[in-house]
Amino acid sequence: MSPEPASQALAPSAIGGQGRRGLSFGRRARDRPGRGGPDGIGDGRLRGRAGTALGAGLLGVYLSVLVLLPIAALLDSATKGGTSAFWHAVSSPEAVAALKLTLIVSAIVVAINAVFGTLIAWVLVRDEFPGKSVVNALIDLPFALPTVVAGVVLLALYGKGGPTGIDITFTRAAVGLALLFVTLPFVVRSVQPVLLELDGSMEEAASSLGAGGLTVFRRIVLPNLTPAILSGAALSFARALGEFGSVVLISGNLPFKTEVGSVYIFNQVENDNVSAAASVSVVLLVFALIVLGGMTWLSRRGSRHVL
Amino acid sequence: MSSSETAVIGRSAVPRARSTDPGRARGHEREAGKTARRLGLRFLALGYLLALLGAPVAMIFYRTFEHGLAPVWNAVTQPNAMHAFWLSVELVAIVVPLNTIFGIGIALLIERGRFRGKWLLGLILDLPFAISPVVVGLSLVLVYGRAGWFGDWLSAHGIQVIFSIPGMVLATAFVSLPFVARETVPVLHELGTDAEQAAATLGANAWQTFRKVTLPAIRWGVVYGVVLTTARALGEFGAVSIVSGRLEGQTQTLPLYVQDRFENFDTTGAYAAAVVLALLAFATLLGMNLLAKRTRRDEVV
């Protein structure tokens, strides 16, 4: 049993034992056989009707106050002026520039994460060196560290006056760097458990048949890892889309240059253009949900072909 | 990850007999090639981590304590800094118990309940991962702000949510909502209802069953979720930034204080506060890693 990698909790869908990939809502909960009752989940017996009803009621109030009402208000505000107002807000030049920058940089960051995250997971699982457990623990640092501190930390080394001589403040590279930092754990923690459980005999068999290392990796290991990589990538992307704290200090938030979607929304709120802010927010949110949902679907499809 | 659980796939260093057999020679080459590749991968991975994580974090500690402990202590004990620290602690102290209790409740509903709306619960649990923190803040303002849905009602009753603690509680609770639930659900799932049903046949009511059977079994999952929730709540920035109004000395949490100091070119103050948060983050990491093993070992009764 692999120890629970800390940011595995970041993966959607804790519903259903080990398969921590994918979204919570959807079929996953239902098609997982559990030790519960005949319907496979629980046996539906929440004992103590009155207490349960009260508890569920309280929970409903909590979730409504906290999540449901605000989201409803968001959707309402975004569509307040009808489709024309929505479209107008979303297609304003600054908004488009911000969204474009966000999408492109996030995509690049995710691609880098897919490669390096897999590499790091590989090294952490398959290699031995002193201090490995410390390195493993540090992978979760971007999750534990407040985002604004991440920005400050990166600036200390790569900003003005840093020892390396590189100054990335107010550049798009800064945005990319900040996003790389905060999305580091996702692919690593997604791939690690899969690698741990991977049976080495397949690889050895391929190797004994004359396959070189790269071939073994490409044809045996990678297909098994793909669902996990995709799932980690989706999480990275969703996170990168909405990232605010680490970017806001480091990038200078120059409109049309280094202003990302979340900063644009923030500025609109500060300028009291709430409806415009809400419209762009909805776009960002829908993007993230689509990516998360899509990757979940893809990774579930992929996992059916896995040995 | 304990080292005993990993294996170096491939050949370990087994001394081979010398031989001029070309097959053996090729084996030696392959051996050397494998080691080279392994080392290459290792250095590539570690180099990346060093450049991205290690060096920046080390730099910040260096820069902060460059001129000794005194300026740091000075910066950290500034009234606004202290207020920010305690405000952050206060928020965590309110939000974590709330999300723990309700998180367990959500997990119980998902794993032990039978009703049609489970997909909605799942969606609510996934939302904080898909939604940007500033959007969280915005949506809360849209409901509880002066021009929001409840704006008139709230001001008529003299309740201030936005630009005040309650709003910040809501924002922090929203973003840190899923963790306890997500950690508890698989544990509950693996646990199954056998023990709970047995308790029922022995006459235990729901509360007794929960307290004596369910809760002890899920405790490490819950604790782990609590650690994650605490980390997330402590570090929250974007959502709180919007709902708090960032009023110095009043509604400024420690992360907001870091930004404030930074924007006012007080790098000492910013770095000092950042280091405090970083140390708390390291404590969280320690907790996470210690508990990670526990969660697996103790999760089933």
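The model is predicted, so local features need pLDDT of at least 70 and side-chain atom pairs count only at pLDDT 80 or more, while totals for chains, interfaces and linings use all residues. Residues are numbered from 1 along each chain as its sequence is written, and chains are lettered from A and ligands numbered from 1 in the order in which they are written.

Chain A contains 12 helices and zero strands. Helices and strands are DSSP runs (H or I of at least four residues for helices, E of at least two for strands), numbered from the N terminus. From the N terminus on, chain A therefore reads α-α-α-α-α-α-α-α-α-α-α-α. Chain B has 13 helices and zero strands. Of the 307 residues in chain A, 53% are buried. In chain B, with 301 residues, 50% count as buried.

Two residues are in contact if their C-beta atoms, placed from the backbone, lie within 7 Å. In chain A, 73% of the contacts with a separation of 6 or more involve residues 24 or more positions apart. For chain B, 76% of contacts between residues at least 6 apart in sequence join residues at least 24 apart.

Each chain was divided by an automatic or database domain assignment. Chain A has domain 1 (46-78) and domain 2 (83-303). Their centres, taken over C-alpha atoms, are separated by 31 Å. Four residues of domain 1 of chain A and seven residues of domain 2 of chain A form the contact. On the domain 1 side, three residues are nonpolar, one is polar and none is charged. Here Ala, Val, Leu, Ile, Met, Phe, Trp, Tyr, Cys and Pro count as nonpolar, Asp, Glu, Lys and Arg as charged, and the others, Gly among them, as polar.

Chain B has domain 1 (18-65) and domain 2 (69-298). Between their centres, taken over C-alpha atoms, lie 39 Å. Domain 1 of chain B gives six residues to the contact, and domain 2 of chain B gives seven. The domain 1 side has four nonpolar, one polar and one charged residues.

The contact between the chains takes 101 residues from chain A and 99 from chain B. Helix H1 (residues 49-78) of chain A supplies the largest share of the chain A side, with 14 residues. That side comprises 68 nonpolar, 22 polar and 11 charged residues.

The largest nonpolar core has 185 residues. Such a core is a set of buried Ala, Val, Leu, Ile, Met, Phe, Trp, Tyr and Cys residues joined through C-beta atoms within 7 Å. Val152(A), Ala178(A), Leu138(B) and Ala274(B) touch the most other members. Beyond its neighbours within four places in sequence, Val152(A) contacts Leu249(A), Ile60(B), Val258(B), Phe262(B), Ala270(B) and Ala274(B).

Helix H7 (residues 165-175) of chain B is largely enclosed by the rest of the structure, because nine of its 11 residues are buried. Among them are Met168(B), Leu170(B) and Phe174(B).

In H9(B), Ala195(B), Glu196(B), Ala199(B) and Ala200(B) meet Thr209(B), Val213(B) and Thr214(B) in H10(B). This contact has four nonpolar, two polar and one charged residues.

Methods: A residue is buried if 20 or more other C-beta atoms lie within 10 Å of its own, exposed if 12 or fewer, and partly exposed in between; C-beta atoms are placed from the backbone.
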